[in-house]
Amino acid sequence: EEITDHEIASLCYSLLFAGHETTTTLISNALRVLLEHPDQWAALVDDPARIGPAVEEVLRYSPSIVGWRRRALADAEVGGVAIPAGADLLLLMGSANRDESRFADPDVFDVDRPNAREHLAFGFGIHYCLGNMLAKLQTKIALTETLRLAPGLRIAEDADVRFGDNLSFRAPVTVPVTWPTAPSDGREA
């Protein structure tokens, strides 16, 4: 079937803008979640080779997009529930990523989770994100450099981590952090 001008414009919009917002959100969520789990942060400081799997776990545990709206094109049944054609749907990928039948201890953040890549953070099927590999690469580079330059980074004591008001996107507005500074004699403070 021939692609329409509207579909071309939508694809261009997604490539130019959607990937930027979701990737910056992914990086923010990755830093926030890792710093909220200091043992996991320390594991990556000790072994940066684990950053790739850690990004997958962040995508499962705290994805940039937790829900998306769709409209049913045809009558369907999902989990025994009839969905009529034309019905408005809210798909909750964030919930699916915490499905206990798929993920052991789904509410636990674990950078060593063996099946973290089975998340739905990038969608599925024809709606699978075209920029998924670029987003993961950018996040991996950001984490690698942050871990290298500021291994002692911590969530600030009494930090007020707040999120934007949005039904689909889960993005922190602020993530207050601190890190030790080295005294002039070279010892860690």
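Colleague: How accessible is Arg162?
Modeller: Arg162 counts as partly exposed, at 44% relative accessibility, a class that lies between buried (under 20% relative accessible area) and exposed (over 50%), using a 1.4 Å probe and protein chains only. This is a predicted model, in which local features need pLDDT of at least 70 and side-chain atom pairs count only at pLDDT 80 or more, while totals for chains, interfaces and linings use all residues. Residues are numbered from 1 along each chain as its sequence is written, and side-chain values use heavy atoms, leaving out hydrogens and water.

Colleague: And which residue does Asp160 form a salt bridge with?
Modeller: With Arg162, the closest N and O atoms being 3.2 Å apart; a salt bridge here is a side-chain nitrogen of Lys or Arg within 4 Å of a carboxyl oxygen of Asp or Glu.

Colleague: What about Glu56 and Lys136, buried or exposed?
Modeller: Both are buried, and they form a salt bridge whose closest N and O atoms are 2.9 Å apart. Glu56 is in helix H3 and Lys136 in helix H5, 80 residues apart, so the pair links distant parts of the chain; helices (H or I, at least four residues) are DSSP runs numbered from the N terminus. Arg117 is linked with these two residues in a network of salt bridges.

Colleague: Switching to H5, which of its residues are buried?
Modeller: Asn132, Ala135, Lys136, Thr139, Leu143 and Leu147. Seen down the axis of H5, these fall within an arc of 95 degrees, so they line one face of the helix, the arc being that of the directions from the helix axis to the C-beta atoms. On the other side, Met133, Leu134, Arg148 and Leu149 are exposed.

Technical notes. Helix = DSSP H or I, 4+ residues; strand = E, 2+ residues; numbered from the N terminus.
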